[in-house]
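This report describes the structure shown below.

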There are 2 protein chains.
Amino acid sequence: MRKGTATRQRILDIAETAVLAKGFGATSIDELICEAGITKSGFFYHFKDKNDLALGLLERHEQQSEILLSGVFGRARELSDDPLQVFLLGLTLLAERLTEMPAGHPGCIVASLSYQDRLFDRNVRAAVNSNMAGWSSHFRAMLGEIAQAYPPRLPVNLDHVARMVCCLIDGGIVMSKGLGMPDVLPEQLLMARNHIRLLFQPWPTRRPGQRPVAE
Amino acid sequence: MRKGTATRQRILDIAETAVLAKGFGATSIDELICEAGITKSGFFYHFKDKNDLALGLLERHEQQSEILLSGVFGRARELSDDPLQVFLLGLTLLAERLTEMPAGHPGCIVASLSYQDRLFDRNVRAAVNSNMAGWSSHFRAMLGEIAQAYPPRLPVNLDHVARMVCCLIDGGIVMSKGLGMPDVLPEQLLMARNHIRLLFQPWPTRRPGQRPVAE
DNA sequence: CGAAAACTGTACCTTCAGTACAGTCCGGGG
DNA sequence: CCCCGGACTGTACTGAAGGTACAGTTTTCG
């Protein structure tokens, strides 16, 4: 019982590393069992097929990202009481955390699976969906608080804004990979931060003659 | 000579449809040659391997997206002289055009390839890179014009803003697929539009006694 | 007409996911 | 102490997919 879950975790660890390094499709089961020191039968004892492995990774990722998000935003809440400041701070902290993680932050797992053939498997699709929905509802909740205190400058649907933050993260991951520029992800997190500022933060009252901020 | 390129085009047509419907990995060469009515040898006469097919799709896509972008922004330029209005209008038109295209607008091809194993092939990577760079430099050029006329409200790097629009498109594609909500893409295009408005558009001058939007 | 381009046909190789199923090892409860 | 079930191993195999090699055939165009 104990030993079984330990092996399963080891397979997931190895798979995660490999998937982040090379993508899901390029990660072969043979390779994983070789590194884990088990046999093919052993692998299929734990996972009924490769989709099941993807599911395992996705579940793990969901937990990890929950920890990550509540970590940064929890810390932000310690540092400020103002919901807007908390969100802005949280995004900055998140950008930092995502930069620290070498080539592969957890979000990559979802991104790596989210546009693949595997998505046609119902369960994988559901798991990806649940991951994305988790992130955006996390943001959505905070945006609700902010909008209470600071009426948005434009009439917006907060669900769309929440998804926007997610899109910038996913898009940032895709573009970081595609352009070979790892900095794009944190950069886009800060763009999300900018958007929130522009949307909610009141302008400092300008003294007459003072120009708005230019580049 | 003529016939050769015609066959090549037919293979690309079939491949494009299949890839948009099922993803690149799930599209088999056998399937393509069957539908094209050619043999395997015939296929490999035109494409040295599957990466080469991806390259072909990417090249085509680059042309198509060039046409799409200059189409919508050209039309927008006909409708307004103001660079900001042109951009806002262009984004709206783009959102409409992308909604029209059923499940598979051209961007999907890049998205479908951009986070796959194939990306580890140098040429494919270069092509994906060039596609993304094309889109963002297109946006970047227009943002330059806008910033001339309207000083941005926050100090921003216009390259980052250009990439932000791209990220919202890519992220929108990924989330549309992942959440099974096709509307997310156009929705996020409009969020990009919002961002540009917030960043550049001057607020309507307030009459005395009128409150600023903030609480 | 002739040469190159555009294929066809056949045979074969490798990798990979997945199946089937019998046998083994091992720790804990009765 | 033994047996039961969870956690595997071993062996053998299948089918799909990407790809190679290469000789032969048809088509097209200058």
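The surface near DNA strand C comprises five nonpolar, seven polar and six charged residues. Here Ala, Val, Leu, Ile, Met, Phe, Trp, Tyr, Cys and Pro count as nonpolar, Asp, Glu, Lys and Arg as charged, and the others, Gly among them, as polar. A residue is near a strand if its C-beta atom, placed from the backbone, lies within 6 Å of it.

The model is predicted: local features need pLDDT of at least 70, side-chain atom pairs count only at pLDDT 80 or more, and totals for chains, interfaces and linings use all residues. Residues are numbered from 1 along each chain as its sequence is written, and chains are lettered from A and ligands numbered from 1 in the order in which they are written.

**DNA surfaces**

Around DNA strand C there are 18 residues, of which K50(A), G4(B), T7(B), S41(B) and G42(B) come nearest. Two or more residues each are given by α2 (29-36) and α3 of chain A and by α1 and α3 of chain B. Helices (H or I, at least four residues) and strands (E, at least two) are DSSP runs, numbered from the N terminus. For DNA strand D, at least two residues each come from α1 (2-22) and α3 (40-46) of chain A and from α1 (2-22), α2 (29-36) and α3 (40-46) of chain B.

|---|---|---|
| C | 18 residues; K50(A), G4(B), T7(B), S41(B), G42(B) | α3(B), four residues |
| D | 21 residues; G4(A), T7(A), S41(A), G42(A), K50(B) | α3(A), four residues |

Chain A has nine helices and zero strands. Its C-alpha trace spans about 75 × 35 × 30 Å along the principal axes. Of its 215 residues, 42% are buried, that is, have 20 or more other C-beta atoms within 10 Å of their own, with C-beta atoms placed from the backbone. L119(A), in the loop between α6 and α7 of chain A, is buried because 20 other C-beta atoms lie within 10 Å.

The largest nonpolar core has 123 residues, and among those with the most contacts inside it are C166(A), L189(A), L58(B) and L189(B). A nonpolar core is a set of buried Ala, Val, Leu, Ile, Met, Phe, Trp, Tyr and Cys residues joined through C-beta atoms within 7 Å. Beyond its neighbours within four places in sequence, L189(A) is in contact with L91(A), L94(A), A95(A), L98(A), L168(A), I169(A) and G172(A). Contact requires C-beta atoms, placed from the backbone, within 7 Å.

**Contact between chains**

Chain A contributes 50 residues to the contact and chain B 51 residues. On the side of chain A, α6 (107-114), α7 (122-149), α8 (158-179) and α9 (184-200) each supply at least two residues. The most come from α8(A), with 14 residues. This side divides into 27 nonpolar, 14 polar and nine charged residues.

**A helix pair in chain B**

The axes of α4 (residues 50-79) and α7 (residues 122-149) of chain B come within 9 Å and cross at roughly 10 degrees. Therefore α4(B) is roughly parallel to α7(B), a term for angles under 35 degrees. Axes are lines fitted to C-alpha atoms, for helices over the stretch in contact, and angles run from 0 to 180 degrees between N-to-C directions. Residues of α4(B) that meet α7(B) include L58(B), H61(B) and L69(B), and those of α7(B) include V128(B), W135(B) and H138(B).

Definitions and conventions. A residue is buried if 20 or more other C-beta atoms lie within 10 Å of its own, exposed if 12 or fewer, and partly exposed in between; C-beta atoms are placed from the backbone. Two residues are in contact if their C-beta atoms, placed from the backbone, lie within 7 Å. Angles under 35 degrees count as roughly parallel, over 145 as roughly antiparallel, 65 to 115 as roughly perpendicular and the rest as oblique.
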